Amino acid sequence: MPRSPNPTGAVRWGLVAIAALALAVGALAAPRLVAGTLFALAPNVRENPFLTRDGDEEESVRRLEQSQRWSRWGDAGAAQAKAADLAKRADTRSMLEATLAGSPLRPDLWLKLAQDRLAAAPDQALAAWRLSVFTSRVYPPVMAPRLDLGLRLKQRMDDADLDLLRDQMRLTFVLMPAHTTYVLAKPENAPHRQFYQSVVNALSPTDIDHMVRIHALH
């Protein structure tokens, strides 16, 4: 009689193949997991400036540099730029520009570049601010600091830029009212409060509903 197949052996080899595949996937994923964990554990890495805390710069730089060593995919550039910013090294701009060259759709990094260029080259800062808005008109982690920087650049804006600023004012007011109040409460923003109030007063219920719907899509 012909020998019947051994189902136990087939199951055993199937389990071995699954285990080998799981080990291979784990080996590939482990560096990214470690890099992401180190990045998340670093103080002051949150994009929202209203949630960061002062101090711990050395600890942040140490964690971020460890994250960079572990990261073999797309996170190293952001960690490098953040570490350079916290350490106040002179190569922040070049690292931001290098990261944006490979990942141009990053409103957070365009904003960082605008903040970095504000004192030395305000026209470049305005161009970077504009690109931050163009790449993502609604992106809550950067909207409050982007509004704050836009007010500082307001005197350099043409009519098209002022329209962008008004749009950011309306969106930030509807989506992040507490953060908008914080920005406008700064003494340096006192000259802009009347301009801001005129923009907000022009909002209709239809405008607000439209903006809430846009936010829901993000």
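Biologist: Before we dig in, what counts as a helix or a strand here?

Modeller: Helices are DSSP runs of H or I with at least four residues, strands are E runs of at least two, and both are numbered from the N terminus. Keep in mind that this is a predicted model.

Biologist: How much of the protein is buried?

Modeller: 39% of its 218 residues count as buried.

Biologist: And which residues touch the most other members of the largest nonpolar core?

Modeller: Trp129, Leu153 and Leu165, out of 30 residues in that core. At least two core residues come from each of α4 (92-102), α5, α6 (122-135), α7, α8 (159-175), α9 (177-185) and α10 (193-201).

Biologist: What does Leu165 touch, leaving out residues up to four places away in sequence?

Modeller: Trp129, Leu147, Gly150, Leu151, Lys154, Met157 and Phe195. There's also a second, separate core of seven residues, with Val138, Met143, Met176 and Leu203 among them.

Biologist: Switching topic: at what angle do α5 and α7 pack?

Modeller: About 30 degrees, with the axes 11 Å apart. Angles under 35 degrees count as roughly parallel, so α5 is roughly parallel to α7. The crossing is left-handed.

Biologist: Which residues make that contact?

Modeller: From α5, Pro107, Asp108, Leu111, Ala114 and Gln115; from α7, Val142, Pro145, Arg146 and Leu149. By class, that's six nonpolar, one polar and two charged.

How values were computed:
Residues are numbered from 1 along each chain as its sequence is written. This is a predicted model: local features need pLDDT of at least 70, side-chain atom pairs count only at pLDDT 80 or more; totals for chains, interfaces and linings use all residues. Side-chain values use heavy atoms; hydrogens and water are left out. Axes are lines fitted to C-alpha atoms, for helices over the stretch in contact, and angles run from 0 to 180 degrees between N-to-C directions. Angles under 35 degrees count as roughly parallel, over 145 as roughly antiparallel, 65 to 115 as roughly perpendicular and the rest as oblique. A crossing is left-handed if the near helix is turned anticlockwise from the far one by less than a right angle, and right-handed if clockwise. Contact means heavy atoms within 4.5 Å. Ala, Val, Leu, Ile, Met, Phe, Trp, Tyr, Cys and Pro count as nonpolar, Asp, Glu, Lys and Arg as charged, and the others, Gly among them, as polar. A nonpolar core is a set of buried Ala, Val, Leu, Ile, Met, Phe, Trp, Tyr and Cys residues joined through side-chain atoms within 4.5 Å. Buried means under 20% relative accessible area, exposed over 50%, partly exposed in between (1.4 Å probe, protein chains only).
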